[in-house]
Amino acid sequence: MNHFTGIRTVAVPVTDQDRALDFYVHTLGFVTELDAPLPQLGGRWLVVAPPGGGTSIALIPATDAFPAGTDTGIRLATGDAAAAHAALTGQGVVADALMNWPGVPPMFTFYDQDHNKLFAGQS
């Protein structure tokens, strides 16, 4: 029996929630869905998402068990990977080269302010 209907939120560990919020909102263009105090985590429950919804990202305080600087495995979709790559690198975001393989949509990896690895691919 399938009890689950989707993936709502994935967590990304960050060392400074305000700095992370600035990156995800002002650099990536995400919107803030929720920003609530959560002292149990030593910070806030801070959730961002691409405009229009979909799966969201919780920017949670990094811990020894869940440190910042991880490979998130998160794949972000874009209509134009080359333009997204140029825009991000133009803003000083660290990104690897745009990959173009025959038969595979263009994609690239990039890193947030805590060196968490994210991926972007043309949809």
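These are my notebook entries on a few residues and contacts I looked up in this predicted model.

**Ground rules**

I number residues from 1 along each chain as its sequence is written, and because the model is predicted, local features need pLDDT of at least 70, side-chain atom pairs count only at pLDDT 80 or more, and totals for chains, interfaces and linings use all residues. My side-chain values use heavy atoms, with hydrogens and water left out.

**Entry 1: salt bridges**

I started with charge, since side chains of opposite charge can pair when their charged atoms come close. How many salt bridges are there? I got three, where a salt bridge is a side-chain nitrogen of Lys or Arg within 4 Å of a carboxyl oxygen of Asp or Glu.

I looked at Asp18 and Arg44, whose side chains meet in a salt bridge at 2.9 Å, N to O. This pair links distant parts of the chain, with Asp18 in helix α1 and Arg44 in strand β3, 26 residues apart. (Helices, H or I with at least four residues, and strands, E with at least two, are DSSP runs numbered from the N terminus.)

Next I checked Arg19, which forms a salt bridge with Asp114, the closest N and O atoms being 3.0 Å apart. Arg19 lies in helix α1 and Asp114 in the loop between β6 (107-111) and β7 (117-122), so the pair ties together parts that are 95 residues apart in sequence. Are these two buried or exposed? Arg19 counts as partly exposed at 39% relative accessibility, while Asp114 is buried at 10%. (Buried means under 20% relative accessible area, exposed over 50%, and partly exposed in between, with a 1.4 Å probe and protein chains only.)

Asp35 also meets Arg44 in a salt bridge, at 2.7 Å, N to O. Asp35 counts as partly exposed because its relative accessibility is 40%. Shared partners join Asp18, Asp35 and Arg44 into one network of salt bridges.

**Entry 2: Gln17**

I found Gln17 in helix α1, which covers residues 17-27. Gln17 is buried, because its relative accessible area is 11%. What does Gln17 touch, leaving aside neighbours within four places in sequence? My list for Gln17 is Gly43, Arg44, Leu46, Leu59, Ile60 and Pro61, with contact meaning heavy atoms within 4.5 Å.

**Entry 3: Thr55**

I then moved to Thr55, in the loop between β3 and β4 (56-61). Thr55 counts as partly exposed because its relative accessibility is 37%. Thr55 and Thr9 sit 46 residues apart in sequence, yet 5.5 Å apart in space, C-alpha to C-alpha. Leaving aside neighbours within four places in sequence, I found Thr55 in contact with Ile7, Arg8, Thr9, Val10, Ala49 and Pro50. A polar atom of the Thr55 side chain lies 3.0 Å from the backbone oxygen of Ile7.

**Entry 4: aromatic rings**

I counted three aromatic pairs, taking rings of Phe, Tyr and Trp (its six-membered ring) as paired if their centres lie within 6.5 Å; planes under 30 degrees apart count as stacked, over 60 as edge-to-face and the rest as tilted. Phe108 and Phe110 form a tilted pair, 5.8 Å centre to centre with 45 degrees between the planes. Both Phe108 and Phe110 are buried. Elsewhere I noted one aromatic cluster, made of Phe23, Tyr24 and Phe30.

**Entry 5: Leu41**

Last, I looked up Leu41, in the loop between β2 (31-38) and β3 (43-49). Leu41 counts as partly exposed because its relative accessibility is 36%.

Technical notes. A polar contact is a pair of N or O atoms within 3.5 Å; within protein, one must be able to donate a hydrogen and the other to accept it, and residues adjacent in sequence count only if both atoms are side-chain atoms.
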